Amino acid sequence: MARYVLNRLAQAAMLLVIVSAIGFAILHLAPGGPLSQFAASAQMTQEDLDRVTRQLGLDRPLPIQYLDWFGRMLKGDWGKSYRDGEAVLSVISSHLGATLELMTTATIIAVLLGCWIGISGALRRYSLFDSLATVGAMIALSIPTFWFGLVTIYVFSVKLGWLPAGNRETVGDGSLPDLLHHLIAPAMVLALVETAMWGRFMRSSMLEVINQDYIRTARAKGIPEWRILTVHALRNALLPMITVAGLQFPTLLGGALVAETVFTWPGMGRLFLDSIGYRDYPVVMGILMFSAMMVLIGSLLADMLYAVVDPRIRVG
């Protein structure tokens, strides 16, 4: 296990270097560049732009800029925002709570509802419920998340007035019921696609398990059906879902970015888009690296947990 963890950590470190290098190059070679926000000001002269260029270190070759940025990042200095001079880690931490709140709620909804749909569909294969669940999953996976968000706002906010159209809380309120009221719409939209994916994976896993020989043997011994399903079938069907959970994290992050934008949710996804529009490259790179770290950590933890809970797996 120790060797496996070390190997995965080494791979994760190499991937982070590759992701950071590609992201840094794309941002700095894209049209506009980090100086576009300063050049847009009518008061900025060419001398002022040259001075800002030297202060930000943008007059150096791109590889030197990257190595300097990467070295400072390893020491905990992720740079400062071009917008207000605040430390990048401070900017990210101020928006992290809202994103975790949204993602955690959506994940709980998706796992519980998706597993129930998948198990029910597997036990009633080719039934009307299974057919409707399959069609619903295909629709949810085919239509963009932002469309679901806009439809949700139009129906439940504009027409019915049941849910707020956006933001995390009502100005001047901030009570728990108010926070939950604002959380319902973005969490349901984010959970929709995740529910469809969990349902399909769970159905396939459950179908594979209930057709195994040990399930037929348990039935032949006269073990109650509920015990066969809960103790023998469900426990083994859930094992592959651990890996699925790790692989779903990037999809969840991408969905959170869209949901936060549609519902003006003050999380990292909204911050990422705002920072791109403002050409706030230190914040953009900070969010990119933080997200990459979270994805790699989630994948590593999922693999390790799978190796622990499944006695058939032996990691050398």
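Trainee: What makes the crossing in which helix 8 passes helix 10 a right-handed one?

Mentor: Helix 8 crosses helix 10 right-handed, a term that applies if the near helix is turned clockwise from the far one by less than a right angle (anticlockwise is left-handed). The model is predicted: local features need pLDDT of at least 70, side-chain atom pairs count only at pLDDT 80 or more, and totals for chains, interfaces and linings use all residues. Residues are numbered from 1 along each chain as its sequence is written, and side-chain values use heavy atoms, without hydrogens and water.

Trainee: Why is helix 8 called oblique to helix 10?

Mentor: Helix 8 (residues 176-210) packs against helix 10 (residues 225-237) at about 125 degrees, the axes being 8 Å apart. That angle makes helix 8 oblique to helix 10, because oblique is what remains after under 35 degrees (roughly parallel), over 145 (roughly antiparallel) and 65 to 115 (roughly perpendicular).

Trainee: Which residues of helix 8 and helix 10 meet?

Mentor: Met 202, Ser 205, Met 206, Val 209 and Ile 210 of helix 8 meet Leu 229, His 232, Ala 233, Leu 234, Asn 236 and Ala 237 of helix 10, where contact means heavy atoms within 4.5 Å. The contact of helix 8 with helix 10 holds 8 nonpolar, 3 polar and no charged residues.

Trainee: How do you know what residues 12-30 look like over the chain?

Mentor: Residues 12-30 are 95% helix and 0% strand, with end C-alpha atoms 27 Å apart; helices are DSSP runs (H or I) of at least four residues, strands (E) of at least two. The unreviewed UniProt entry lists residues 12-30 among its "transmembrane region" stretches.

Terms used: Axes are lines fitted to C-alpha atoms, for helices over the stretch in contact, and angles run from 0 to 180 degrees between N-to-C directions. Ala, Val, Leu, Ile, Met, Phe, Trp, Tyr, Cys and Pro count as nonpolar, Asp, Glu, Lys and Arg as charged, and the others, Gly among them, as polar. UniProt positions are given in the numbering used here, feature names are shortened, and annotations may be inferred rather than shown by experiment.
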